[in-house]
Amino acid sequence: MALISRGFRGRKQSAEVAGRLPPGQYETRDFPVLSAGPTPRTALTAWDFTLRGADGRTARWTWDEFTALPRQTTTKDIHCVTKWSKFDTVWEGISVDTLLSEAAAKGVVAAPYVLARCDGGYTTNVPLADVTGGKAWVAFMYNGAPLPPEHGGPARLLVPHLYFWKSAKWVRELRLLESDEPGFWESLGYHNYGDPWREQRYAGDE
Amino acid sequence: MSPVGIGQKISWRVATVIDVVPETQRTRTLVLDVPDWPGHSAGQHVDVRLTSEDGYQAERSYSIASPPEDARLSLTVEQLKDGEVSPYLSEELRAGDTIELRGPIGGYFVWDIPVGGPLFLVAGGSGIVPLMAMLRHRNAALAKSGDARHMIPARLLYSSRRWDEVIYRDELARLAASDPTLEVVHTLTRDRPEGWTGFTRRIDREMLEEVAWPPSEQPRVFVCGPTPLVESAANALVEIGHQPALVKTERFGPTGGSV
């Protein structure tokens, strides 16, 4: 049983807001910035994106090739492990499904786990099943404008059904793996999977 | 060395407020007794959970202000305008009350003596809190060894709007006065007391070049404050030549915050 905090009332929320907020989250209208180090800056001429199979085969796109792939626009609620949630964020990018099927044509075979690798050295891991079936994108537009560097531009992974640290900023590569490999925060005490609706914030949360 | 708490389940605990210490007009320190606290590293934080009588719950994260050496856990809380949890913690809560918390959390923005130095800290406003835990931890080690020459040199560059908004102002002055290997440099961005001779502008590249060790010394850098301050300070440090991997950042607050 939870401990009642004497005199605490909290903010009254509409049923609609309450229903969209995972446990322990609050709604913000801002877009807070969280990252563990300085914001990397990569020129678009030097930027490329790689999808690497477990056997080392790769598919690679330059910025122009990447942004010429069929785009999707998606509107999602996002949930940060630091407790804020933001509703109806609008993103534009390439579905990971599209990347996988383009890569399959180049001989890149699917594998059950994915490690996203980023400029600045950040990594995060997700099961393949969580980035396929219309659940994940590599996004380069936010609210109709190029994604700002502090929010992960030129491009970030977008996996909105998991805590937002899984939506890796400055992503440059998705590496397919036969066995799971914990990423940056997953090695530093955060949950390996990170489902906000089950409040899987930290290692050991069920 | 792995920070405390990594790999263990982080369970909710009931903490009792032992004391409430005013720091500035908008900040107070909650001194807590936490049974079976597993210990922590300087720089880590806790999650606090409040529950209203009708069962509504709110959670927020707060940096730990106390060093691992203290028997009690201290959190310094700034009252945010329109905040939901911070006004309760900074106004309503009093000695004898209990709150739920869990931690320690965070394994990256941490500094322990074995990490080494020199240690360069950059704070904006209440971003000083986790950095203060590092300075207190460092000082506790100094008190133990009793020899300043064996100390890891440290510098703090601390941006506040006004002199009376400088959190831990007297303690920082005391620490710097008693320790030749610690330098504390303030910049005041809005108002200055009469006769102020220190910096009077937001932290910029020139100020960082003046105050920080050069990149060749490979200082361990920790930057904590509102997002715009952290963004500009971290970017400037990288431009100066500091390795991005040695510049650790913690950002908080809304996107438009300023100190």
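Student: How many of the residues of chain B count as buried?

Tutor: Burial is a neighbor count. A residue is buried if 20 or more other C-beta atoms lie within 10 Å of its own, exposed if 12 or fewer, and partly exposed in between; C-beta atoms are placed from the backbone. In chain B, 46% of the 259 residues count as buried. This is a predicted model: local features need pLDDT of at least 70, side-chain atom pairs count only at pLDDT 80 or more, and totals for chains, interfaces and linings use all residues. Residues are numbered from 1 along each chain as its sequence is written, while chains are lettered from A and ligands numbered from 1 in the order in which they are written.

Student: Where does confidence in chain B stay under 50?

Tutor: pLDDT is the predictor's confidence in each residue, from 0 to 100. Where it is low, the predicted coordinates should not be read in detail. Chain B averages 92, and 93% of its residues score at least 70. Residues 254–259 of chain B stay under 50. The model scores ipTM 0.90 and pTM 0.93.

Student: What secondary structure does chain B have?

Tutor: Helices (H or I, at least four residues) and strands (E, at least two) are DSSP runs, numbered from the N terminus. Chain B has five helices and 11 strands. Its C-alpha atoms fill a box of roughly 55 × 40 × 30 Å along the principal axes.

Student: Which elements of chain B supply the side that touches chain A?

Tutor: Start with contacts: two residues are in contact if their C-beta atoms, placed from the backbone, lie within 7 Å. Here 42 residues of chain B contact 32 residues of chain A. β3 (45–51), β4 (57–63), α1 (86–92), β6 (98–105), α5 (227–240) and β11 (247–252) of chain B each supply at least two residues of that side. The largest share, six residues, comes from α5(B).

Student: How far does α5(B) reach, and what is expected?

Tutor: The expected span of a helix is 1.5 Å times one less than its number of residues. α5(B) has 14 residues and reaches 20 Å from its first C-alpha to its last, close to the 20 Å expected. Just after α5(B), G241(B) takes a positive phi of about 125 degrees.

Student: Which residues of α5(B) are buried, and what covers them?

Tutor: The buried ones are T227(B), L229(B), V230(B), E231(B), A233(B), A234(B), A236(B) and L237(B). Their cover includes β7 (119–124), β8 (154–160), α4 (205–211), β10 (220–226) and β11 of chain B.
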